[in-house]
Amino acid sequence: MLCDNCIALTAEFRLDFEAARPIYAAARFLLRPFFINTSIPMPPIISISNLSKTYASGFQALKRIDLAIDKGEIFALLGPNGAGKTTLISVICGIVTPSTGTITVGGHDILTDYRAARSLIGLVPQELHTDAFESVWATVTFSRGLFGLPSDRGHIEKVLRSLSLWDKKDSKIMTLSGGMKRRVLIAKALAHEPKVLFLDEPTAGVDVELRKDMWNVVRALRASGVTIILTTHYIEEAEEMADRIGVINKGEIILVERKAELMHKLGEKQLTLQLHNTLDAIPADLTRHRLMLGPDGKELTYTYDTQGERTGITALLDDLARANIRFRDLQTTQSSLEDIFVGLVRKDQ
Ligand SMILES: Nc1ncnc2c1ncn2[C@@H]1O[C@H](COP(=O)(O)OP(=O)(O)O)[C@@H](O)[C@H]1O
Ligand SMILES: [Mg+2]
């Protein structure tokens, strides 16, 4: 019925556009309430689909990656050395060519619309390469020029001040400390006002104090509206910084989850009871508890939320006594992000 009307309407448009115009205007007016207050989800700032990369050596470093990065988030790509983190970043930034797949940045395809995509991106590489004899000011200004942008002393000053580099602006880079050199790399990456900043292992080999300092810099950047993707093999770093965490291993993304969600899982504890007698199955009276029976029927594991109002342990013990299930021993364990990470990586091997 509706479809028939559509066809009729379309036909009318074709036959006599002028005559159909009031009908179209009326339809728009009548349908207007349906489109007001409808929140349209924001498209991701980076969209990766079916990305694979096989290097010339024949080594496949990335396997069918699908990933969407939301505007304004800090996304931590967590994985052991050799997992493919740098390769993934390098492909998005146009340094390494993908073997298959499509990637868009801000809606621009990184291959067919390279310049537009690249202009939105700032990259702080893993390896520290800086021009030792240049001044901080000159090297950061030069980075902006590489993007064909007119010079903007005000912007460079703002960047240097935000990174506490302003009083070092005339210093030669070789005279700076390691931490300051990293800040210069960030300043270079921000010189052309990117919307997305990649930080490849920003704190590898950096001492604890400097690491915390770096985290504050990253948070301030996010607050200014920049989307941040950082790679790390430090779980602590992902835990501290990220809104979402993606785990990569052997070129595959094996988990993407909001940090809060992961942390909720970390709030779970397991209570394991060593039973006196073997059980074939969990008795019906106990099914309301979250119980798992060990493969030999000698262990019952109960999972509970330490952050919840009640653990449910008392009720469980009452029910066990009622069902005449006795235990010899018990222990509790709590998983950490490290356990989850190690578990995932091991399962993947
Ligand atoms: N140019 C290259 N040619 C062949 N293999 C490479 C090249 N670059 C990286 N690799 C391999 O790809 C894998 C992923 O490397 P990389 O992306 O640097 O990992 P990560 O940054 O997670 O440590 C590693 O096994 C590495 O040896
Ligand atoms: Mg790397």
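Modeller: An open sheet of four strands is present, in the order β2-β1-β4-β5 with antiparallel pairing. The model is a predicted one.

Colleague: Which strands stand at the edges?

Modeller: β2 (60–69) and β5 (108–109) do. Each has a single partner strand, so one side of each is left without a neighbour in the sheet.

Colleague: And how many bridges join β1 to β4?

Modeller: Five, between β1 (residues 46–54) and β4 (residues 100–105), and the two run antiparallel.

Colleague: What does Ser-47 stand opposite?

Modeller: Thr-104, in β4.

Colleague: Switching to the ligand. Which residues are around ligand 1?

Modeller: Tyr-55, Ser-57, Phe-59, Ala-61, Gly-79, Asn-81, Gly-82, Ala-83, Gly-84, Lys-85, Thr-86 and Thr-87.

Colleague: How does that shell split by class?

Modeller: Four residues are nonpolar, seven are polar and one is charged.

Colleague: Where does the largest share of the shell come from?

Modeller: Helix α3 (residues 85–92), which supplies three residues.

Colleague: Now Thr-141. Where is it found?

Modeller: Thr-141 is in helix α5, which spans residues 136–146.

Colleague: Why is Thr-141 classed as partly exposed?

Modeller: Because 19 other C-beta atoms lie within 10 Å of its own, and a residue counts as buried at 20 or more.

Colleague: What is Thr-141 in contact with, leaving aside neighbours within four places in sequence?

Modeller: Ser-151 and Ile-156. Ser-151 is 10 residues away from Thr-141 along the chain, and their C-alpha atoms are separated by 7.2 Å.

Key. Residues are numbered from 1 along each chain as its sequence is written. Chains are lettered from A and ligands numbered from 1 in the order in which they are written. This is a predicted model: local features need pLDDT of at least 70, side-chain atom pairs count only at pLDDT 80 or more; totals for chains, interfaces and linings use all residues. A residue is buried if 20 or more other C-beta atoms lie within 10 Å of its own, exposed if 12 or fewer, and partly exposed in between; C-beta atoms are placed from the backbone. Two residues are in contact if their C-beta atoms, placed from the backbone, lie within 7 Å. A residue is near a molecule or strand if its C-beta atom, placed from the backbone, lies within 6 Å of it. Ala, Val, Leu, Ile, Met, Phe, Trp, Tyr, Cys and Pro count as nonpolar, Asp, Glu, Lys and Arg as charged, and the others, Gly among them, as polar. Two strands pair if DSSP finds at least two bridges between them.
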